[in-house]
Amino acid sequence: KIMALIPARKGSKRFPHKNMMKLQGKTLVEHAIDHAEGSLLINKIVVLSADPEVLRMKHAGVIFEEEPEELCGEYIQPMQYIHYIEEHYKYDVLVLLQPTSPTRKSKDVDWCIKLLLDSGVDSVVTFNRRVVHHLVPNGCIYVMRRGKEPYNDRMLGVTLDSVDIDTKEDLDALL
(Lines give C-alpha, C1' and ligand atoms only; values in the text may rest on other atoms or scores of the structure.)
Protein backbone atom coordinates (compact mmCIF):
# COMPACT_ATOMS: atom_id res chain seq x y z
CA LYS A 1 0.00 0.00 0.00
CA ILE A 2 1.60 3.25 -1.16
CA MET A 3 0.28 6.50 0.27
CA ALA A 4 1.01 10.09 -0.72
CA LEU A 5 1.05 12.80 1.93
CA ILE A 6 0.70 16.42 0.85
CA PRO A 7 1.36 18.73 3.80
CA ALA A 8 -0.25 22.07 2.95
CA ARG A 9 0.81 24.16 5.91
CA LYS A 10 -0.93 27.49 6.40
CA GLY A 11 1.60 29.34 8.53
CA SER A 12 4.23 30.65 6.10
CA LYS A 13 5.38 34.07 7.29
CA ARG A 14 7.56 34.84 4.24
CA PHE A 15 4.80 33.99 1.74
CA PRO A 16 1.34 33.72 3.38
CA HIS A 17 -1.10 31.28 1.73
CA LYS A 18 1.56 30.19 -0.75
CA ASN A 19 0.05 26.72 -1.12
CA MET A 20 -3.10 28.31 -2.58
CA MET A 21 -1.21 30.49 -5.06
CA LYS A 22 -1.89 29.66 -8.68
CA LEU A 23 0.54 28.52 -11.33
CA GLN A 24 -0.83 27.74 -14.79
CA GLY A 25 -4.40 28.00 -13.49
CA LYS A 26 -4.00 25.58 -10.57
CA THR A 27 -3.06 26.07 -6.94
CA LEU A 28 0.22 24.58 -5.73
CA VAL A 29 -1.85 22.07 -3.72
CA GLU A 30 -3.69 21.02 -6.89
CA HIS A 31 -0.37 20.51 -8.68
CA ALA A 32 0.78 18.20 -5.87
CA ILE A 33 -2.52 16.28 -6.01
CA ASP A 34 -2.13 15.92 -9.79
CA HIS A 35 1.40 14.52 -9.32
CA ALA A 36 0.09 11.94 -6.85
CA GLU A 37 -2.96 11.06 -8.97
CA GLY A 38 -0.80 10.70 -12.07
CA SER A 39 1.33 8.11 -10.31
CA LEU A 40 0.73 4.53 -11.39
CA LEU A 41 1.82 3.29 -7.95
CA ILE A 42 0.15 5.53 -5.34
CA ASN A 43 -3.20 4.23 -4.11
CA LYS A 44 -4.10 6.70 -1.32
CA ILE A 45 -3.68 10.48 -1.13
CA VAL A 46 -3.96 12.55 2.07
CA VAL A 47 -3.76 16.35 2.17
CA LEU A 48 -2.99 17.57 5.69
CA SER A 49 -3.66 21.25 6.39
CA ALA A 50 -4.97 23.81 8.87
CA ASP A 51 -5.83 26.22 6.06
CA PRO A 52 -9.65 26.47 5.72
CA GLU A 53 -9.24 27.21 1.98
CA VAL A 54 -7.34 23.96 1.46
CA LEU A 55 -9.78 21.99 3.62
CA ARG A 56 -12.73 23.28 1.54
CA MET A 57 -11.20 21.85 -1.63
CA LYS A 58 -12.99 18.84 -3.07
CA HIS A 59 -11.12 16.29 -5.13
CA ALA A 60 -12.51 12.81 -5.77
CA GLY A 61 -10.58 10.11 -3.95
CA VAL A 62 -8.44 12.55 -1.94
CA ILE A 63 -8.67 12.73 1.86
CA PHE A 64 -8.47 16.29 3.22
CA GLU A 65 -7.66 16.20 6.93
CA GLU A 66 -7.27 19.08 9.34
CA GLU A 67 -3.83 19.00 10.87
CA PRO A 68 -3.58 19.05 14.65
CA GLU A 69 -2.41 22.15 16.50
CA GLU A 70 1.09 20.73 17.09
CA LEU A 71 1.72 20.71 13.33
CA CYS A 72 0.65 24.31 12.74
CA GLY A 73 3.86 26.17 13.65
CA GLU A 74 6.25 28.07 11.40
CA TYR A 75 9.16 25.63 11.69
CA ILE A 76 7.48 22.24 11.32
CA GLN A 77 9.79 19.63 9.79
CA PRO A 78 8.70 16.82 7.44
CA MET A 79 9.41 14.21 10.14
CA GLN A 80 6.70 15.71 12.34
CA TYR A 81 4.14 15.11 9.59
CA ILE A 82 5.50 11.62 8.98
CA HIS A 83 5.19 10.64 12.65
CA TYR A 84 1.61 11.92 12.73
CA ILE A 85 0.67 9.94 9.59
CA GLU A 86 2.31 6.77 10.97
CA GLU A 87 0.05 7.00 14.01
CA HIS A 88 -3.15 7.53 12.02
CA TYR A 89 -2.87 5.61 8.71
CA LYS A 90 -1.88 2.19 7.47
CA TYR A 91 0.59 2.06 4.58
CA ASP A 92 3.77 0.29 3.54
CA VAL A 93 5.43 3.15 1.67
CA LEU A 94 4.91 6.88 2.23
CA VAL A 95 5.53 9.46 -0.48
CA LEU A 96 5.81 13.03 0.83
CA LEU A 97 5.01 15.62 -1.85
CA GLN A 98 5.30 19.22 -0.76
CA PRO A 99 3.11 21.68 -2.71
CA THR A 100 6.08 24.03 -3.04
CA SER A 101 7.66 21.79 -5.72
CA PRO A 102 5.24 22.22 -8.64
CA THR A 103 7.77 21.41 -11.37
CA ARG A 104 8.08 17.71 -10.50
CA LYS A 105 6.23 15.18 -12.68
CA SER A 106 4.24 12.05 -11.83
CA LYS A 107 6.85 9.98 -13.67
CA ASP A 108 9.49 11.40 -11.28
CA VAL A 109 7.37 10.26 -8.33
CA ASP A 110 7.01 6.76 -9.78
CA TRP A 111 10.75 6.63 -10.57
CA CYS A 112 11.56 7.35 -6.90
CA ILE A 113 9.03 4.78 -5.66
CA LYS A 114 10.44 2.13 -8.02
CA LEU A 115 13.98 2.92 -6.87
CA LEU A 116 12.89 2.30 -3.27
CA LEU A 117 11.06 -0.93 -4.09
CA ASP A 118 13.74 -2.34 -6.41
CA SER A 119 16.84 -1.39 -4.41
CA GLY A 120 15.82 -2.47 -0.91
CA VAL A 121 16.84 0.87 0.63
CA ASP A 122 14.73 2.44 3.38
CA SER A 123 14.22 5.82 1.68
CA VAL A 124 14.76 7.85 -1.47
CA VAL A 125 15.31 11.61 -1.26
CA THR A 126 15.68 14.08 -4.13
CA PHE A 127 18.50 16.62 -4.37
CA ASN A 128 19.39 19.52 -6.66
CA ARG A 129 22.92 19.55 -8.02
CA ARG A 130 24.26 23.05 -7.33
CA VAL A 131 27.85 22.55 -8.42
CA VAL A 132 29.91 19.47 -9.16
CA HIS A 133 30.02 17.22 -6.08
CA HIS A 134 27.63 19.45 -4.12
CA LEU A 135 24.06 18.23 -3.66
CA VAL A 136 21.35 20.14 -1.82
CA PRO A 137 18.14 18.46 -0.58
CA ASN A 138 15.25 20.07 -2.44
CA GLY A 139 12.18 18.74 -0.63
CA CYS A 140 10.64 17.69 -3.94
CA ILE A 141 10.07 13.97 -3.29
CA TYR A 142 10.62 11.88 -0.18
CA VAL A 143 9.79 8.16 -0.38
CA MET A 144 10.21 5.97 2.68
CA ARG A 145 9.19 2.67 4.11
CA ARG A 146 6.87 2.70 7.12
CA GLY A 147 8.80 3.36 10.33
CA LYS A 148 11.80 4.84 8.52
CA GLU A 149 12.99 8.43 8.33
CA PRO A 150 13.94 10.07 5.03
CA TYR A 151 17.55 10.62 6.07
CA ASN A 152 19.09 7.39 7.36
CA ASP A 153 21.97 4.94 6.85
CA ARG A 154 20.05 3.12 4.11
CA MET A 155 18.83 6.05 2.01
CA LEU A 156 19.31 6.67 -1.67
CA GLY A 157 19.80 10.26 -2.77
CA VAL A 158 18.91 11.06 -6.37
CA THR A 159 19.38 14.24 -8.36
CA LEU A 160 16.17 15.74 -9.65
CA ASP A 161 16.46 19.45 -10.17
CA SER A 162 13.35 21.17 -8.88
CA VAL A 163 12.15 24.63 -8.03
CA ASP A 164 11.19 25.17 -4.39
CA ILE A 165 8.72 28.01 -3.92
CA ASP A 166 9.49 29.80 -0.66
CA THR A 167 8.79 33.39 -1.71
CA LYS A 168 6.57 35.31 -4.12
CA GLU A 169 9.67 35.93 -6.24
CA ASP A 170 10.16 32.16 -6.61
CA LEU A 171 6.61 31.82 -7.91
CA ASP A 172 6.91 34.89 -10.16
CA ALA A 173 10.02 33.38 -11.75
CA LEU A 174 7.89 30.46 -13.02
CA LEU A 175 5.13 32.67 -14.48
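This report walks through the salt bridges, a helix, the nonpolar cores and the ring contacts of a predicted model.

## Ground rules

Residues are numbered from 1 along each chain as its sequence is written, and side-chain values use heavy atoms, with hydrogens and water left out. Because this is a predicted model, local features need pLDDT of at least 70 and side-chain atom pairs count only at pLDDT 80 or more, while totals for chains, interfaces and linings use all residues.

Helices (H or I, at least four residues) and strands (E, at least two) are DSSP runs, numbered from the N terminus. Buried stands for under 20% relative accessible area, exposed for over 50%, and partly exposed for what lies in between (1.4 Å probe, protein chains only).

## Salt bridges

Let's start with the charged pairs. A salt bridge here is a side-chain nitrogen of Lys or Arg within 4 Å of a carboxyl oxygen of Asp or Glu, and by this rule the count comes to 3. One of them joins K18 to D166, with the closest N and O atoms 3.6 Å apart. K18 sits in the loop between β1 (2–7) and β2 (22–23) and D166 in the loop between β9 and α5, so this pair ties together parts that are 148 residues apart in sequence. K18 counts as buried, at 10% relative accessibility, whereas D166 is partly exposed at 23%.

D122 and R154 also meet, at 3.3 Å from N to O. D122 belongs to the loop between α4 and β7 (123–131) and R154 to the loop between β8 (134–145) and β9, so the bridge ties together parts 32 residues apart in sequence. Here D122 is buried at 11% relative accessibility, and R154 is partly exposed at 44%. In the bridge between K26 and D34, the N to O distance is 2.4 Å; K26 is partly exposed at 34%, as is D34 at 24%.

## Helix α4

Within α4, the buried residues include V109, C112, I113 and L116. An α-helix has 3.6 residues a turn, so residues three or four places apart point the same way. After α4 comes G120, with a positive phi near 80°.

## Nonpolar cores

A nonpolar core is a set of buried Ala, Val, Leu, Ile, Met, Phe, Trp, Tyr and Cys residues joined through side-chain atoms within 4.5 Å. The largest one has 30 residues, and those with the most contacts inside it are I42, V47, V95, I141 and V143. Elements giving two or more residues to this core include β1, α1 (28–37), α4 and β8. Apart from it lies another core of 19 residues, among them M3, L94, L96 and V125.

Leaving out residues up to four places away in sequence, V95 touches I2, M3, A4, L5, I42, V109, I113, I141, Y142 and V143 (contact means heavy atoms within 4.5 Å).

## Rings

Rings of Phe, Tyr and Trp (its six-membered ring) pair if their centres lie within 6.5 Å; planes under 30 degrees apart count as stacked, over 60 as edge-to-face and the rest as tilted. The count comes to 1 aromatic pair. The rings of Y142 and Y151 have centres 6.2 Å apart and planes at 80°, so they are edge-to-face. Y142 is buried, at 7%, but Y151 is partly exposed, at 42%.
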